[in-house]
Amino acid sequence: MIDKFLPRLDKCPTGIAGFDDISGGGLPRGRPTLLSGYAGTGKSLFALEFILHGIERYQEHGVFISFEESPKDLAVNVASLGFDLARYQADGQLRVIQIELEPQALIEAGEFDLDGLFIRLGAAIDAVGAKRIALDGAENLFAAFTDMRILRAEFHRLMRWLKERGLTAIITTERGKDALSRHGLEEYIADCVIALDHRIERELATRRLRIVKYRGSAHGSNEYPFVFEKQGFSVMPITSAGLSYAVSSEQVSSGIASLDAMVAGGVYRGSSILVSGTSGTGKSSLAVHMVDAACRRGEHCLYLAMEESPDQIERNMKSIGIDLAQWRRAGLLNFHAVRPTASGLEMHLAMLTRLVDEISPKLVVVDPITAFATGAIDETVKLMLVRAVDLFKTKGITSLLTCLTSGGTAEEATAVGVSSLVDVWLTLRNLEAAGERTRGLYVSKARGMAHSNQVREFILTNAGVRLEDVVLDEHGRILTGSARQFHEELTRAEQKVSAADQERRRAALERKRHVLEEKVAVLHAEFEDDVRALDAELEREALRVQASGRALGDMATQRGSGQTTQHTPR
Amino acid sequence: MTDPKMKPTQYVLRLYIAGQTPKSLAAVSNLNRICEEFLQGQYEVEVIDLLENPHLAEGDQIIAIPTLVRKLPEPIRKVIGDLSDTEKTLIGLQLKPR
C-alpha cells in the first residue's frame, strides 16, 4: 500500500515486524505520531523499539523520554529482547531521560512555560545527534500542572519544535474513555495516529493495532493483530506476504505412489495441502507418509501436533510401518506439541514464524488446524491460517494442514472455509456399506495440475497406506472393504472358469483339426490311387493302339502294293 | 535584625531561568522582593540560567521555567511561574499555611 497520487511522503521505517508493511514504509518522517492505547497494550515497547531499531538498522540515533518508567526499568524490559540500553548510551547513540513529575510538590505562582523541558530535550537531542525521539506518557504533563491554558499552548509549541528540528517522533498516550487520549492530544498531533487495543476474545487475550489516521498516505485500515515475542513487537499484516512469492514447478512425492498418481505425479513444492476428514479417517497417517518421504529426501520437517503427543504419534505410526523415531534421531523431524488454547492465535503464529526461522523446514504439518478454534473456524482463525500459509509460501515450504470435519450434514463445511487458502485439498471420508466402515479418498481440488476425479479406497496396512482403485458393482456403486474383496474374488473365479472353458474348447478344436487333417490325408491317398490307376489304364491303351497299328502294316506288305489305297477293316 | 540567641532557619533557594526573558526577569525581581520582605538575613539565592548550563536542569528535574526550588530547609519544594502571585509563592515555600 504505497501512496501513488501525492508527492511521496517521506517515511521513517520503524523496523517493527509487519508495521512498515501496513503503513507503507513506516511513520511520517520528521513529524510526530500519536500512539494511543490502554495501559499494558505495549505503547512503550513500540516506542522503544522504534528508537532502538533506528540505531541498529537505520543509523539514526535516538532519544527516549520517559514520563513514567525509570530508565532502569526500561533497560530491564528490553534486555529480554536482546537490546543493551547501557551500551547504546555509552556509544553516544541513545539518551534515555526520565522526566519526573511531582505535582504534589509543585505550586504555580504566576506565568510559566516549559522551557526547562525544551532545554533538556534539546541537550539530549544534540548530544547524540538524534533523528528519532519518543515521548512516552507525555500526557502526564497535563496532570502535573493546573494551568491548562499554558499547557495546551506549550504542548502545541513542543510539537512544532519537534517538527522544526526534523525529528520523527512518537508520543504515546493513555487512551481515554471515549477519546484516543485523555487530554485530547490528537488535536495537536494530526499527521499520524495509531491505536493499540487489548481485548479478550473467547477467553484469549488478543492485541490489535489500527492506524486511525495517516495524513497524506494510504494505509491499511484494518485492525492488525500483534504480539510481543522474544524478538519484540510484531504486527501481523494479513497481506504483507502478498501473492508475489516465487512458485516452484518441482513436484514432491506424498510418499504414497498411488496418491502421487492421482495428482499428476506429486504436489508442487511450496504448495499447501489440506487433508480434511472426520475423526479416524486417516488424516495423520497421510501426513506422516509425506513426512517420511520428505525425511527420506533428507529434508527437515516441522510437525505441529495439536492433539496428540509426539510419542503417541510415533507409536501409532509404527503400526502402519512408519518409523518416525529414526527421523527424530537424525534431527530431520521436529515435533512441536502445542495445546492450541494455551495462548492466543497471534502467539501461535509468532511461534510458528520463529520455528520456521530456526528449523528451515521443507515441510510443515499442522495437525489439525481445527484445534485452533474452540468452535467452528471463524474469520479470526481463517486470517491466522492465511498468514501461516503465506509464511510457508514465501519460504517455499510445502505445508500439510489437516482439518477435522464434524461429519453429518455439516460434513466438510468446516473445510470449505479453509479450502480457498490451499492448493490441494484431499478429502477423506468414511464409506459405509454392507455393515462395514471403510475409508475413501478423493482429490477435491488441485490447483494447476491434472488430477483424478475418482474416489479411491484408502487402506491402512502394516506396510503403510495403500490406495485401491475403486471397484464398481453392476449397478455402478462403489464397492469397498469386504464387498470389494468379494467382488474381486468372484471376478477372479469367473475369470478362472472361463479360462478353463476356453482351454477345453481350444483342445476340442485341435482334435477336430486332427481329424480333419487325417481325413484330408486319406482323401489325398485315395486321389493318388485314382491318378495312378488312370495312368496305368492310359498306358495299357497306348500299347494296344501301337500293337494294332503294327498288325495293319504287316498286312499291306503281304498284299504287295506297298501303298494303302483302300482300307477295309476286317 | 537577627536574634543572636536563636539560630534562624536558613533558606537556600535556587531560581532556574532560561535567558533574559520578561518572565525570567519578573521572577528574579519578585523573588528578591519576597525574600527581603519575609526572609531578611536568612536566605541565599542562586540564579541558574539553563541556557548557559543546560545540564543543570537534570538535577532538580526542571521542566517549567521559571522554577524556584527550596533546597533548604528540607523537604525540597518547588514553586513555578514568575512569582507574581506572592500568596502562592509563600505557600509554596511553606512560609504560610496552605
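This is a predicted model: local features need pLDDT of at least 70, side-chain atom pairs count only at pLDDT 80 or more; totals for chains, interfaces and linings use all residues.
Local features need pLDDT of at least 70 and side-chain atom pairs count only at pLDDT 80 or more, while totals for chains, interfaces and linings use all residues. Residues are numbered from 1 along each chain as its sequence is written, with chains lettered from A in the order in which they are written.

Chain B comprises 3 helices and 4 strands, where helices (H or I, at least four residues) and strands (E, at least two) are DSSP runs numbered from the N terminus. Their order along the sequence is β-α-β-α-β-β-α. Of the 98 residues in chain B, 35% are buried, that is, have 20 or more other C-beta atoms within 10 Å of their own, again with C-beta placed from the backbone.

Chain A has 570 residues, 40% of them buried, and contains 15 helices and 25 strands. Among its contacts with a separation of 6 or more, 69% involve residues 24 or more positions apart.

The contact between the chains draws 18 residues from chain A and 29 residues from chain B. On the chain B side, helix 2 (56–59), strand 4 (77–80) and helix 3 (86–92) each give two or more residues. Strand 4 of chain B runs parallel to strand 6 (residues 106–108) of chain A, to which 3 bridges join it; strands pair if DSSP finds at least two bridges between them. A:E108 is placed opposite B:I80 of strand 4 of chain B.

Note on methods:
A residue is buried if 20 or more other C-beta atoms lie within 10 Å of its own, exposed if 12 or fewer, and partly exposed in between; C-beta atoms are placed from the backbone. Two residues are in contact if their C-beta atoms, placed from the backbone, lie within 7 Å.
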